[in-house]
Amino acid sequence: MSTQATNAVRELTFSQAVNEALVEEMRRDECVFIIGEDVAEAGTPFKVLEGISDEFGTDRVLDSPISEAGITGLCVGAAMTGMRPVVDIMFGDFITLTMDQMVNQAAKIHYMSGGKLTVPMVMRTTLGATRRSAAQHSQSLHAWMSHIPGLKVVVPATPAEAKGLLKSAIRDENPVIFFEDKLSFQLKGPVPEGEYTIPLGVADIKREGTDITLVGTSSMVDVALQAAEQLAEIGISAEVVDPRTTVPLDKETIIASARKTSRAIVIDEGYEQYGTTAEIASVIADGAFYYLDAPVKRMGAMNVPIPFSPSLEDLTVPDASGVVEVAKQLCNRA
Amino acid sequence: MTNTALPAIPGVDAVDREQWIQIYQQMSQIRAFEDQANQLYLSAKMPGLTHMYSGQEAVAVGVCEALERDDYITSTHRGHGHCLAKGAQFKPMFAELLGKVDGYCRGKGGSMHIADQDSGNLGANAIVGGSAGIATGAAMSAKMRGTDQVAVCFFGEGALGQGLFYEVMNMAQLWKLPVIYVCENNLYNEYTHYSETTAGELTARAAAFGIQTVELDGQDVRSVYLEAQKLVKQARAGEGPAFLLANTYRFHGHHVGDINRTYYRSKDEEKLWKTERDPITNFGRWLLESKIADQGLLDQITTQVEEEAKAAVAYALDAPYPAEEEVTLHVYASD
C-alpha cells in the first residue's frame with residue numbers, strides 16, 4: 001500500500017469498502033461525481049452506493065436514463081473538461097453498449113491529441129457468474145477492455161484492495177475500468193480505517209509457496225486460495241499471485257513467482273478463448289520458460305454462453321477442486 | 001448562371017462592419033486551406049485522405065463567430081472548417097495533415113482528429129456521431145463547474161443514423177445542458193443521398209425531446225450567425241439545448257479521392273451549387289451591395305489568405321516528422 005493507514009482495521013464488506021472509497025474521494029475532490037442507472041436513492045440494485053446521494057445530493061449522484069453509451073459519452077466529455085466522473089454500468093455485460101465511447105473515444109483521445117487532452121474517468125462495472133442470471137447478466141468481459149491501449153483495468157479481490165485501488169483509479173489521469181465481482185459484494189474482510197491508496201500495476205502475493213504458482217484474478221483469487229489450502233494438505237506448496245490490475249500488468253512479480261516455483265496455472269473468470277489467462281500465460285512462458293518444469297495451464301470460463309440452469313452454470317466456472325486436479329498433474333502427483 | 005444575391009433579413013444592422021469583414025476573412029481562410037489541402041493530396045504529398053469542407057464555410061464560421069474562445073466545440077472527419085473557425089492556425093493545421101511533429105496533435109491525429117484545447121476544440125472525430133457524447137458531457141461539465149461555457153456539437157446529417165444522438169439529446173434536454181447540436185445537411189451520407197437513409201423530418205428528431213429546433217439556409221453566413229447568437233445566449237442563460245439544422249452542400253466528393261461521383265450526384269447539381277449557392281461569393285456580393293466592403297478589399301483578403309496558406313504548406317512540408325520514440329508516448333497520461 002502506497003500510503004500506510006495508521007488507524008485501526010475494521011471488518012467491512014466489499015460493497016461497503018467501495019462505498020467508502022467513493023465517499024472519501026467525493027469529499028476530497030468536488031470534481032468527482034457519480035452517474036448511472038438507479039445510483040442515487042436506490043444506491044444501485046446491488047446497494048453498493050447506498051447513502052451516497054444523502055450526503056452529496058442528486059447533483060453529484062445522478063440517476064440517468066437507461067443509456068449506457070450516452071452516459072459513458074457524457075463522462076468522456078466531462079472528464080476532458082475538468083471533471084472526474086465515475087460511471088456505473090450495472091452489469092459487466094452492458095459494457096458492450098459503451099464500446100465506441102470507451103474504445104474509440106476515451107482510450108484514444110490522449111494519444112490522438114498528442115498528449116493535450118486527458119480523460120480521467122472511472123467506469124465501475126461488475127463481473128462474475130453463478131448468480132443464476134443467465135447469459136446476458138453473468139459474463140466477465142474485462143479482457144475486452146484490457147485489449148485496448150489507453151485503458152487501465154482493475155480487478156480487485158478483497159474489500160481492502162477494492163477501496164485502495166478505487167481511490168487510485170479515481171485519481172488516475174486515464175480512463176480506468178473497475179470490475180467488481182458481484183458475488184464478492186457481501187464478502188467481509190479487514191479494511192484499514194482512514195486514508196490509503198494502492199497503486200495500479202502492482203500485484204500482490206496472497207500466499208507464499210514453492211511448488212506451483214496459482215495466478216488468480218478477482219473472483220478466482222479465492223478459488224486459488226482454497227485450492228492452495230487443499231494442496232497443502234497433500235504436501236504441495238502453492239503460491240497465489242493476484243495481479244490486481246490486468247492493465248498495467250505487473251509482469252515482474254508474476255514471472256518471478258513462476259521462476260521460483262517452476263509451475264503455473266492462470267485462473268480467471270473471463271472466457272478462456274483469447275482471454276486474460278492467455279495473456280498472462282504468455283507472459284509466464286516468455287519470462288520463465290527456462291525455469292519451468294511443466295507447461296503453463298490456463299483455466300477460464302468455458303467457451304459457452306453462460307447457461308441459466310444451476311446444474312449447467314456451475315460447470316462453466318473454474319473451481320478449487322478443478323484447480324487442485326490440474327496442479328496435481330503439473331506436480332506429477334495425479 | 002451567377003450566384004444569387006442574399007435576401008434581406010432582419011438583424012444584420014446590429015453587426016458592425018469590421019465583424020462582417022472578419023467573417024468574410026474567416027470563410028476565405030477555410031476555402032484557401034482546403035484548396036491547398038486538396039493540392040497536397042493531388043500532388044501525393046499528403047499521407048492518407050482528407051475530407052473537404054469547401055462549400056459549407058458559412059456554417060462553421062457563422063456558429064463559431066457566436067462563441068467565446070473558451071466555449072467548446074466538437075468536430076467531425078470533415079472538420080478543418082470547424083477547427084479554423086474556432087481559432088486554429090494554418091501552420092500547425094497543415095503540419096498535422098502531413099503527420100509532422102509540429103502539428104496540433106504532434107502528427108498523431110491527422111486530418112480527422114485535430115484537437116486544440118487552447119481554442120476550445122475538443123477534437124474532430126472520425127466515428128460518425130462519435131462526439132455527441134463528448135459535446136454533451138462538456139456542456140454538463142460546464143454546468144457542474146458553474147461556468148457559462150457553451151458546447152457546440154457539429155455533425156453531418158448522416159450522424160442522425162447513430163443511436164448515441166438520441167441518448168444524449170434526451171439527457172441534454174432533461175438536464176437543460178448548454179449544448180447546441182449543429183446538423184450540417186450537405187445532402188450526402190458519404191455516397192448516398194440522405195433521403196435514401198432518413199425517414200421523417202430531420203428536425204423532428206430533436207423536437208421529439210422538446211428541444212428547440214431551427215432550420216435555416218446554411219449557405220447564408222448572416223442568418224447562421226444571427227441565429228447562433230440567439231441559441232448561444234439562451235444556452236448560456238440556462239435555457240437548455242438547441243438543434244440547428246443548416247442546409248448546405250459539400251463542393252468536393254466525400255473525400256479528396258472521391259473523383260468519379262456521377263453515379264450518386266450529377267455534375268449539373270454540383271455546378272448549380274457552386275455557381276448559385278457559393279456561400280463566400282454570395283456573402284461577398286452582399287458586402288459589396290451593402291457597401292460594407294469594396295472589391296479591392298475582398299480581393300486583398302482572398303490574396304492574403306491564399307498566400308498565408310501557401311506559406312503554411314511550405315512550413316509544414318519542411319517540418320520534421322515525430323521521432324521514433326514518440327510512438328509509445330501519450331498512450332497513457334502520467335499522473
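In chain A, buried residues account for 57% of the 334 residues, where a residue is called buried if 20 or more other C-beta atoms lie within 10 Å of its own, exposed if 12 or fewer do, and partly exposed in between, with C-beta atoms placed from the backbone. This is a predicted model, in which local features need a pLDDT of at least 70 and side-chain atom pairs count only at pLDDT 80 or more, while totals for chains, interfaces and linings use all residues. Residues are numbered from 1 along each chain as its sequence is written, and chains are lettered from A and ligands numbered from 1 in the order in which they are written.

How confident is the predictor? The model scores ipTM 0.96 and pTM 0.96, and chain B averages a pLDDT of 96, with 99% of its residues scoring at least 70; pLDDT is the predictor's confidence in each residue, from 0 to 100.

The secondary structure of chain A consists of twelve helices and 14 strands, these being DSSP runs numbered from the N terminus, with helices (H or I) of at least four residues and strands (E) of at least two. Chain A has a radius of gyration of 20 Å, close to the 20 Å that the globule rule gives for 334 residues, so it is as compact as a globular protein of that length; the radius is taken over C-alpha atoms, and the rule is 2.2 Å times the number of residues to the power 0.38. Taken along the principal axes, the C-alpha atoms of chain A fill a box of roughly 60 × 45 × 45 Å. Of the contacts in chain A between residues at least 6 apart in sequence, 80% join residues at least 24 apart, two residues being in contact if their C-beta atoms, placed from the backbone, lie within 7 Å.

Chain A is divided into domain 1 (12–192) and domain 2 (204–330), with bounds that come from an automatic or database domain assignment. The C-alpha centres of domain 1 and domain 2 of chain A lie 26 Å apart, and the contact takes 27 residues from domain 1 of chain A and 23 residues from domain 2 of chain A. On the side of domain 1 of chain A that touches domain 2 of chain A, the elements giving two or more residues are helix 6 (142–146), strand 6 (152–154), helix 7 (159–171) and strand 7 (176–181) of chain A.

Two places in the loops of chain A deserve a look. A cis peptide bond, with omega about -5 degrees, joins A:Val247 and A:Pro248, and A:Pro248 lies in the loop between strand 12 (245–247) and helix 9 (251–261) of chain A. A:Tyr274 is found in the loop between strand 13 (264–271) and helix 10 (276–288) of chain A; its phi is near 50 degrees, a positive value in a residue other than glycine. A:Tyr274 counts as partly exposed because it has 14 C-beta neighbours inside 10 Å.

Between the chains, the contact takes 36 residues from chain A and 36 residues from chain B. The elements that give two or more residues to the side of chain A that touches chain B are helix 3 (68–80), helix 4 (99–106) and helix 5 (109–112) of chain A, and the largest share of that side, ten residues, comes from helix 3 of chain A.

In chain B, six strands form an open sheet in the order 2-1-3-4-8-7, with parallel pairing; two strands pair if DSSP finds at least two bridges between them. The edge strands, each pairing on one side only, are strand 2 (121–125) and strand 7 (212–217) of chain B. Strand 7 of chain B and strand 8 (residues 242–247) of chain B pair in the parallel sense over six bridges, and B:Leu216 stands opposite B:Ala246 in strand 8 of chain B.
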